[in-house]
Amino acid sequence: MNGDWTLKYGERSKQRAQDGDFIFSKEHTDTFNFRIQRTTEEDRGSYYCVVSAWTKQRNNSWVKRKDVFSKPVSIFWASEDSVLVVKARQPKPFFAAGNTFEMTCKVSSKNIKSPRYSVLIMAEKPVGDLSSPNETKYIISLDQDSVVKLENWTDASRVDGVVLEKVQEDEFRYRMYQTQVSDAGLYRCMVTAWSPVRGSLWREAATSLSNPIEIDFQT
């Protein structure tokens, strides 16, 4: 803050100040107040004031006489590791080709502030050659705003053959209709927890992979 109360921002602080996260005000002639509305991990550190004294000359110009640094105020809190656990289950474990495959994924988390979850359904399938590693395919995803996107689902005859939906804030359901022998493999949910930063911005807090659910046909 200049002597005429004009505020100037550092490059890294400008956006957050415009969003209302940083508030700097002059309470009295000799008292200034700085406030951070919504702290993040990046805000930890030592804070201090630099006060400049100016004197007015006869020609109405101003000359800086002295800079004084305050003692620092340390802002620190222990950072706890984020924990994210995803458990997948199959309500109907026995089915035949042509039936509907259903899998639900239940999410639990710790030390993640106001989380929202994005989900990716992935399948691990054998490629035919026993000496080669299985092939992993991304099928369908749902982001933290509940927008669904088909990933590598390229079966034109079953363009509406897969559905991913949010049942509750921490539970998701995947369905695949009219299953075929080619659908055999291991299916998992990959869940990412997102924590709000400011405004409409989100920060990736943690990612976890569920246990596998197997589709196997008795032939």
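The centres of domain 1 and domain 2, taken over C-alpha atoms, are separated by 48 Å. In this predicted model, domain 1 covers 11–75 and domain 2 covers 83–215, with bounds from an automatic or database domain assignment. Local features need pLDDT of at least 70 and side-chain atom pairs count only at pLDDT 80 or more, while totals for chains, interfaces and linings use all residues. Residues are numbered from 1 along each chain as its sequence is written, and side-chain values use heavy atoms, leaving out hydrogens and water.

**Confidence**
- The protein chain has a mean pLDDT (the predictor's confidence in each residue, from 0 to 100) of 88, and 94% of its residues reach 70 or more.

**Sheet**
- Antiparallel strands β12 and β13 are joined by 6 bridges, and K166 stands opposite F172 in β13.

**Cavity**
- The structure holds 1 cavity of 30 Å³ or more; on a 1 Å grid over the protein atoms alone, a cavity is a set of points where a 1.4 Å probe fits but cannot get out.
- The largest cavity holds about 40 Å³ of space, a volume being the space filled by probe spheres set on the points, which are joined across faces, edges and corners.
- Its lining (residues with an atom within 4 Å of a point) includes K166 and F172, along with R116, Y117 and E169.

Definitions and conventions. On a 1 Å grid over the protein atoms alone, a cavity is a set of points where a 1.4 Å probe fits but cannot get out, and a pocket is an open set with protein on both sides within 12 Å along at least five of seven lines; lining residues have an atom within 4 Å of a point. Two strands pair if DSSP finds at least two bridges between them. Helices (H or I, at least four residues) and strands (E, at least two) are DSSP runs, numbered from the N terminus.
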